[in-house]
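Welcome! Have the sequence and the 3D view ready, and let us walk through a few spots together.

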Amino acid sequence: MSGRTQLMWDEAVTGYDFGPEHPMDPVRLALTRTLVAAFGLDRDVEVVSAKPAGESTLRLVHREDYVEAVKAASVEPGAADGAYGIGTLDDPAFAGMHEVSALIAGQSVGAAEAVWRGEALHAVNFAGGLHHAMPGGASGFCIYNDASLAIARLLELGAERVAYVDVDVHHGDGVQAAFWEDPRVLTISLHEHPRTLFPQTGWPEETGGEGAEGSAVNVALPAGTGDAGWLRAFHAVVPEVIADFRPQVLVTQHGADTHFEDPLAHLAVSLDAQRAVQVACHELAHEYADGKWVALGGGGYAVVDVVPRSWTHLVGIAAGREITPETVIPESWRQEVFARTRQLAPVRMTDGRWPVAWADWEAGYDPADRLDQAVLAARKAVFPLRGLLA
């Protein structure tokens, strides 16, 4: 197997653009790509542009009528069929929507294929992670669910156990729904509690459908959760379930919208904690999946200060050249940021919270603490179904 890391990139993915008033500004993708290059990480990865997902690939997850509706709206945005979730405030229709959405999906599918076939050990598509799209509809800024399509392609290629870990602030509802009754896929989502955030799903009691009981794991965190609680929750649930499942491939989604600066949610996580979870996912892939790791982006709406730094850390970790948190950001990139956005760029690759301290679950828990209540609810809901002690 190649030890090489692939970075999936095609400049055309920045055409995934819902308009100037929409929070998902494609500048976050462009700035991430140029920050990766500014740090010289292109020398440590193979930059690959995969082909767009074709009709048969899209139908691994999405209904044919939905794909046709997206294609029609892509040609005539003003006639988008709102019954499919397109042409809405969250998911406005735009010209070329089908083509660019299929291109992003193709990058994730291509990443999965490369890792499964041994052409790469790790593959990163930070333009992907569009985890809300459903088989028959758009949702939450997501047209095609590239994460689900990558997993479905792995199953088609013969994978028998694929684990998906989603640390976006929003519940990974579309991926959970796609594999709700498939015991070959383990979905784990850490997210802000559905009482306070879209999509109002991801309760701990959601544990998988008939024949797949215990294959969905949901850790619903109270609003305001910060670094120590977020890392405590991750390590109290994810490694134990992954160890039990022993995936052949690990697919992870790294939405950066858990950050305390993100305008659309209510967690208080730093860039340094996000980096710590990225490192943990890398280690889990090597410990339980022979290193086979597909890493995706996701949400993140602090498009200058947070997203490019978070996902550049992710690329560096996958490439085997971690960027230390205190590293100064190249001046050339900071000048580019100001030229593009008229915003001042961050100076270092840290929020000043490294190393992040957190308390291990095994040391005991406080039943009166809201964070510990959330962790315990997840463990009690799913661990017994997997034969684990809650």
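## The largest pocket

Which element gives the largest share of the lining of the largest pocket? It is α4, with five residues. Helices here are DSSP runs of H or I with at least four residues, strands are runs of E with at least two, and both are numbered from the N terminus. At least two lining residues each come from β1 (5-8), α4 (97-116) and α5 (146-156).

In total, 20 residues line this pocket, and Lys51, Gly106, Val109, Gly110 and Glu113 lie nearest its centre. A pocket is found on a 1 Å grid over the protein atoms alone, as an open set of points where a 1.4 Å probe fits, with protein on both sides within 12 Å along at least five of seven lines; lining residues have an atom within 4 Å of a point. The volume is about 260 Å³, counted as the space filled by probe spheres set on the points, which are joined across faces, edges and corners. The lining has eight nonpolar, six polar and six charged residues. Here Ala, Val, Leu, Ile, Met, Phe, Trp, Tyr, Cys and Pro count as nonpolar, Asp, Glu, Lys and Arg as charged, and the others, Gly among them, as polar.

## About the model

This is a predicted model, in which local features need pLDDT of at least 70 and side-chain atom pairs count only at pLDDT 80 or more, while totals for chains, interfaces and linings use all residues. Residues are numbered from 1 along each chain as its sequence is written, and side-chain values use heavy atoms, leaving out hydrogens and water.

Cys142 is buried at 3% relative accessibility (buried means under 20% relative accessible area, exposed over 50%, partly exposed in between, with a 1.4 Å probe and protein chains only). Cys281 is buried too, at 1%.

Now find His191 in strand β5 (residues 185-192). His191 is buried, with a relative accessible area of 0%. Leaving aside residues up to four places away in sequence, His191 touches several residues, including Asp168, His170 and Asn218 (contact means heavy atoms within 4.5 Å).

Pro23 sits in the loop between β1 and α1 (27-38), and is partly exposed at 32% relative accessibility. Among the residues that Pro23 touches, beyond four places away in sequence, are Phe141 and Tyr301.
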